[in-house]
Amino acid sequence: MSLATLSVEDLAQQLRGPVITPEDAGYDEARAVYNAMHDRRPGCVVMAEDAADVMATVSFARENGLALAVRGGGHSTPGYGSCDDGVTLDLSSIRNVRVDPKGRTARVGGGARLGAVDHATHAYGLAVPAGFVSTTGVGGLTLGGGIGYLNRRWGLTCDNLVSADVVTAAGERVTASEDENPDLFWALRGGGGNFGVVTSFEFALHPLRDIVGGPIFYEYEAAADVMRVWSDYLSRAPRELAAFFGFHMAPPLPFLPEDRHGDHLCVLVTCWCGDPDQGEAAIEPLRSAGPIVGEHVGRMPYPALQSAFDALLPPGLYSYWKSDFVSDLSEQVIALHLEHGRGVPTVHSGMHIYPIDGAVHDVAPDATAFGVRDARFAVNIVGLWPDPSDTESNRAWVRDYYEAIHPYSGYEGGYTNFMEAEDQARVRENYGPTYDRLSRVKATWDPDNLFRLNANIAPA
Ligand SMILES: Cc1cc2nc3c(=O)[nH]c(=O)nc-3n(C[C@H](O)[C@H](O)[C@H](O)COP(=O)(O)OP(=O)(O)OC[C@H]3O[C@@H](n4cnc5c(N)ncnc54)[C@H](O)[C@@H]3O)c2cc1C
């Protein structure tokens, strides 16, 4: 169904934020999402300013039977933050962050980016666990789980959610917390954008100012040893230590020799979030894992590490990802990683293995919608390339790599937030043990599946 001009005008009159249509100069900018694979043309883009704008827009889409794409940071690889023909609801103007240093909580607008949260909380020596790249949206990341450097010590991002203000499919504003609408609160912590539009998140904060960390690049040939030493060390290291393993082409960074730029290397990206004076000693055992090509490890403000890789991951690249949960890195699996890791096709692409143990495992599998609480790692194979003529070769690298390792992962599903649109077919596996309950909560809050542009849960 296309939009009748009159109804869009009606909507615009109810809103404080602008409504952008194909006739407007800013339309191409307003409809773009992070992944250039998705060139979608919504009937209009609503730049919501507040919860009232969100309520009016949700009701408008529902009453007109239009597709509704809700966009936080616009980072989802399947491009769920935009749609063809219908309404794109952009939350990026709802991004205020208010810190309560006494109560150690932060109120975060539903369209904020991670960098805004780190910036605001760092001023008080506080932090909330979130992702590795500061441009990612708080909305999608939190609702799907939230993997980052602080997980081992303080849990996933969603484990630190205290409450949320939600605009439901009925266009009404409700609060979700342990005390109010607990079924909705349960579902928001891992069930994605299926249940409503979150206009405000309330997070618990933890004391953190400086971390000790950064990347250590090793020769590719040492990758098997690096994987073994890292995996073994992490299994007994204090929860303050995080380190993810990766395959990359050496980026043009000053701490790597110029004649090695573009070479295939492996990397451990480290982060010690305990007493900074103990950080170097905690990271030191990882240095003996293999010959080091270059490293940039040191004490720095937490937001500095959080934004360290932003420049390698600009918006507007083409991207295709595959993901698995895994606990056991057997010799056979390590051999497969070595075989495929050398094929990393561009300096933006890579394969990462993120630890999700420690405090993540303290939470019972049924306590939140993020139900996979026993996997040690989340694996992410990331293809990112600037030239659309390279699409087939880049996708083939990701797919071949994934098909080689997936049979050994030990889990049917992977992390919802790293999934492609084609992975809708295994959405039940990705949500894992919580899917049936999610489906029942979906039937309560969104029985007609208005919020369906996401890793979609069918209403029971
Ligand atoms: C460069 C890059 C780095 C990443 N790094 C990490 C990482 O370190 N850790 C990690 O866990 N994940 C990471 N991700 C994955 C990320 O968590 C997902 O892509 C997530 O969906 C992004 O959220 P968004 O708000 O930016 O995306 P969007 O595309 O705007 O939204 C994604 C989904 O969430 C819904 N949504 C967004 N905001 C709201 C809201 N306020 N209320 C209701 N629904 C909402 C949307 O409708 C959509 O279905 C990364 C992704 C990219 C591209």
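## Ligand shell and buried charges

Of the 33 residues around the ligand, the ones that come nearest are Val70, Gly72, Phe132, Ile147 and Tyr415; a residue is near a molecule if one of its heavy atoms lies within 4 Å of it. This is a predicted model, in which local features need pLDDT of at least 70 and side-chain atom pairs count only at pLDDT 80 or more, while totals for chains, interfaces and linings use all residues. Residues are numbered from 1 along each chain as its sequence is written, and side-chain values use heavy atoms, with hydrogens and water left out.

### Around the ligand

Let us start with the elements that form the shell. Strand 3 (68-71), helix 5 (138-144) and strand 10 (197-204) each give at least two residues to it, and helix 5 provides the largest share, 4 residues. Helices (H or I, at least four residues) and strands (E, at least two) are DSSP runs, numbered from the N terminus.

| Residue and its atom | Ligand atom | Distance |
|---|---|---|
| Gly72, backbone N or O | oxygen | 2.7 Å |
| Gly110, polar backbone atom | nitrogen | 3.1 Å |
| Val198, backbone N or O | nitrogen | 2.9 Å |

Taken alone, the ligand exposes 940 Å², and the protein buries 96% of that. Accessible areas come from the Shrake-Rupley method with a 1.4 Å probe, and for residues only the protein chains shown count as cover.

### Salt bridges

A search of the whole structure turns up 26 salt bridges, each being a side-chain nitrogen of Lys or Arg within 4 Å of a carboxyl oxygen of Asp or Glu. One of them joins Asp90 and Arg71, with N to O at 2.9 Å. This pair links distant parts of the chain, with Asp90 in strand 4 (residues 87-90) and Arg71 in strand 3, 19 residues apart.

Asp423 and Lys322 form another salt bridge, their closest N and O atoms being 3.3 Å apart. Asp423 sits in the loop between helix 13 and helix 14 (427-431) and Lys322 in strand 17 (residues 318-326), so this pair ties together parts that are 101 residues apart in sequence. Asp423 is buried, with a relative accessible area of 6%, and Lys322 is buried too, at 7%.

Asp446 and Lys442 meet in a salt bridge at 2.8 Å, N to O, and both residues are buried. There is also a network of salt bridges that links Arg107, Asp165, Arg173 and Glu202.

### A buried arginine with no salt bridge

Arg395, in helix 13 (residues 391-405), is buried yet has no salt bridge. Its nearest side chain of opposite charge, Glu392, is 4.0 Å away; Lys and Arg count as positive and Asp and Glu as negative, while His and the chain ends are not counted. Not counting residues up to four places away in sequence, Arg395 touches Met37, Tyr320, Trp385 and Glu422, where contact means heavy atoms within 4.5 Å.

Asn456 lies in the segment after helix 15 (435-445) and is buried, with a relative accessible area of 15%. Its side chain reaches the backbone oxygen of Phe451 at 3.3 Å. Beyond four places in sequence, the residues that Asn456 touches include Asn194, Gln424, Tyr435 and Lys442.

Pro215 belongs to strand 12 (residues 210-219) and is buried at a relative accessible area of 8%. Leaving aside neighbours within four places in sequence, Pro215 is in contact with several residues, among them Phe255, Val267, Gly294 and His296.

### Positive phi in two loops

Most residues other than glycine have a negative phi. Asp85, in the loop between strand 3 and strand 4, has a positive phi near 75°, and is partly exposed at 47% relative accessibility. Asn181 has a positive phi near 45°; its place is the loop between strand 9 (173-177) and helix 7 (182-188), where Asn181 is partly exposed, with a relative accessible area of 27%.

Methods. Buried < 20%, exposed > 50% of the residue type's maximum accessible area, 1.4 Å probe, protein only. Polar contact = N/O pair within 3.5 Å; in protein donor to acceptor, adjacent residues only side chain to side chain.
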